Amino acid sequence: MELKGIFQSKRIQIIFLLTGAVGGFLYWRFVGCTSGTCAIKSVWYWTTLWGAAMGYLVGDFINDIIQKRKKKVEGE
């Protein structure tokens, strides 16, 4: 499968992944742990990675719902 096809099929997941990464970074920037004792919130790249992972999972969940609805509509 070519790169364009991958982006086309995973479009929703990529959008949510990027949104989650930005959200994770902004969370670290404005809310994060100032003492440095928090495992995830103390450094920017951990919150960014967690945000990206959560964004991808939410996007994948939404994509599954959309695909199931398309199949249901096509089946009727």
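**Figure 1. The whole chain and its surface.** The protein exposes about 6,100 Å², with carbon and sulfur atoms supplying 67% of that area. This is a predicted model, so please read each view below with that in mind. Buried residues account for 18% of the 76 residues in the protein. On the charged side, there are 10 positive and 5 negative charges, and their mean positions lie 9 Å apart.

**Figure 2. The fold at a glance.** Three helices and zero strands make up the secondary structure of the protein, and from the N terminus on the order reads α-α-α. Along the principal axes, the C-alpha atoms fill a box of roughly 55 × 30 × 15 Å. The radius of gyration is 16 Å, whereas a compact globule of 76 residues would come in near 11 Å. Looking at contacts between residues at least 6 apart in sequence, 56% of them join residues at least 24 apart.

Figure 3. Searching the whole structure turns up four aromatic pairs. One of them is Phe 25 with Trp 28: the ring centres are 5.5 Å apart and the planes meet at 40°, so this pair is tilted. The angle falls between the two limits, since planes under 30 degrees apart would count as stacked and those over 60 as edge-to-face. Both residues belong to helix H2 (residues 11-30), where they sit three residues apart, about one turn of the helix. How accessible are Phe 25 and Trp 28? Phe 25 has 35% relative accessibility and counts as partly exposed; Trp 28, at 26%, also counts as partly exposed.

**Figure 4. An aromatic pair between helices H2 and H3.** Because Phe 25 lies in helix H2 and Trp 44 in helix H3 (residues 44-75), the pair ties together parts that are 19 residues apart in sequence. With 44% relative accessibility, Trp 44 counts as partly exposed. Which residues form the aromatic cluster? Phe 25, Trp 28, Trp 44, Tyr 45 and Trp 46 form it together.

Figure 5. Setting aside neighbours within four places in sequence, Gln 13 is in contact with Tyr 56, Gly 59, Asp 60 and Asn 63.

**Figure 6. Asn 63, seen from helix H3.** Asn 63, one of the contacts of Gln 13, is found in helix H3. At 11% relative accessibility, Asn 63 counts as buried. Which residues does Asn 63 touch, not counting those up to four places away in sequence? They are Ser 9, Ile 12 and Gln 13.

Technical notes: Residues numbered from 1 in each chain as written. Predicted model: local features only at pLDDT ≥ 70, side-chain atom pairs only at ≥ 80, totals over all residues. Heavy atoms only, no water. Helix = DSSP H or I, 4+ residues; strand = E, 2+ residues; numbered from the N terminus. Rg over C-alpha atoms; globule rule 2.2 N^0.38 Å. Buried < 20%, exposed > 50% of the residue type's maximum accessible area, 1.4 Å probe, protein only. Contact = heavy atoms within 4.5 Å. Areas by Shrake-Rupley, 256 points an atom, 1.4 Å probe, with all protein chains shown as cover. Lys, Arg positive; Asp, Glu negative; His and termini not counted. Charge placed at Lys NZ, Arg CZ, Asp CG, Glu CD. Phe/Tyr/Trp six-rings, centres within 6.5 Å; stacked < 30°, edge-to-face > 60°.
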